Amino acid sequence: MKLADKAKSAAIEVVAKQALGYLEKDPETNIPKLMELVDKYTPKDWFAGQRNAIRSAISDKNNNWYQLILRMYQLDPGVRKTFFENFIINASLRGGLLQEENARENNCNSPWAILLDPTSACNLKCTGCWAAEYGHQLNLSLEEIDSIIRQGKEIGVYMYIYRR
């Protein structure tokens, strides 16, 4: 990671943690205010996709995304803090920096998330699911899962979705 990107990453972490504290005080009032501050003090192209998605989600207080954001404030504060750090700081912001760097250097895009199916050992036959059709022999070892996650982090993937 380049020095400028390391500085951005460190700044993101500090500012994001301060932002979380600010949001905790009054989420409904402070979410739009925080987006205004972000738009005012950051370069227009900095995390433009992520900022547009958040702005879109909070523009209409009746949409499902906005309601989902507010429901997060019904969670335990520790769970909410961990979710915020992992989803916003790691997966979206820090991961976004690495993904942009990877795209510049290698002329390819990194996925935002990786779906892992650690095992096909499932006896259910859910509509649309393939797992039960392939028997019980397709299993990833802990070493293989660890390797996938390490490789993912190297290219900026911090979100992993596990299927059973």
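Which backbone nitrogen does a side-chain oxygen of Asp 76 reach at the start of α5? That atom belongs to Gly 78, and the oxygen comes to within 2.9 Å of it.

## Basis of the model

This is a predicted model, in which local features need pLDDT of at least 70 and side-chain atom pairs count only at pLDDT 80 or more, whereas totals for chains, interfaces and linings use all residues. Residues are numbered from 1 along each chain as its sequence is written, and side-chain values use heavy atoms, with hydrogens and water left out.

## Overall architecture

The protein chain contains 6 helices and 2 strands; these are DSSP runs numbered from the N terminus, helices being H or I with at least four residues and strands E with at least two. Their order along the sequence is α-α-α-α-α-β-α-β. The C-alpha trace spans about 55 × 40 × 25 Å along its principal axes.

## Packing of α2 against α3

Helix α2 (residues 27–41) packs with helix α3 (residues 48–59) at an angle of about 150°, the axes lying 11 Å apart. Axes are lines fitted to C-alpha atoms, for helices over the stretch in contact, and angles run from 0 to 180 degrees between N-to-C directions. The two helices are therefore roughly antiparallel to each other, a term for angles over 145 degrees.

The crossing is left-handed, meaning that the near helix is turned anticlockwise from the far one by less than a right angle. Ile 31, Pro 32, Met 35, Val 38 and Asp 39 of α2 meet Arg 51, Ile 54, Arg 55 and Ile 58 of α3, where contact means heavy atoms within 4.5 Å. By class, these residues are 6 nonpolar, no polar and 3 charged; Ala, Val, Leu, Ile, Met, Phe, Trp, Tyr, Cys and Pro count as nonpolar, Asp, Glu, Lys and Arg as charged, and the others, Gly among them, as polar.

## Packing of α2 against α4

The axes of α2 and helix α4 (residues 64–71) come within 11 Å and cross at roughly 120°. Pro 27, Glu 28 and Ile 31 of α2 contact Tyr 66, Ile 69 and Leu 70 of α4, a set of 5 nonpolar, no polar and 1 charged residues.

## Helix α5

Helix α5 (residues 77–106) has a kink of about 40° centred on Gly 95; the bend at a residue is the angle between axes fitted to the seven residues ending there and the seven starting there. Just after α5, Asn 107 adopts a positive phi of about 55°.

How values were computed. Polar contact = N/O pair within 3.5 Å; in protein donor to acceptor, adjacent residues only side chain to side chain. Parallel < 35°, antiparallel > 145°, perpendicular 65-115°, else oblique.
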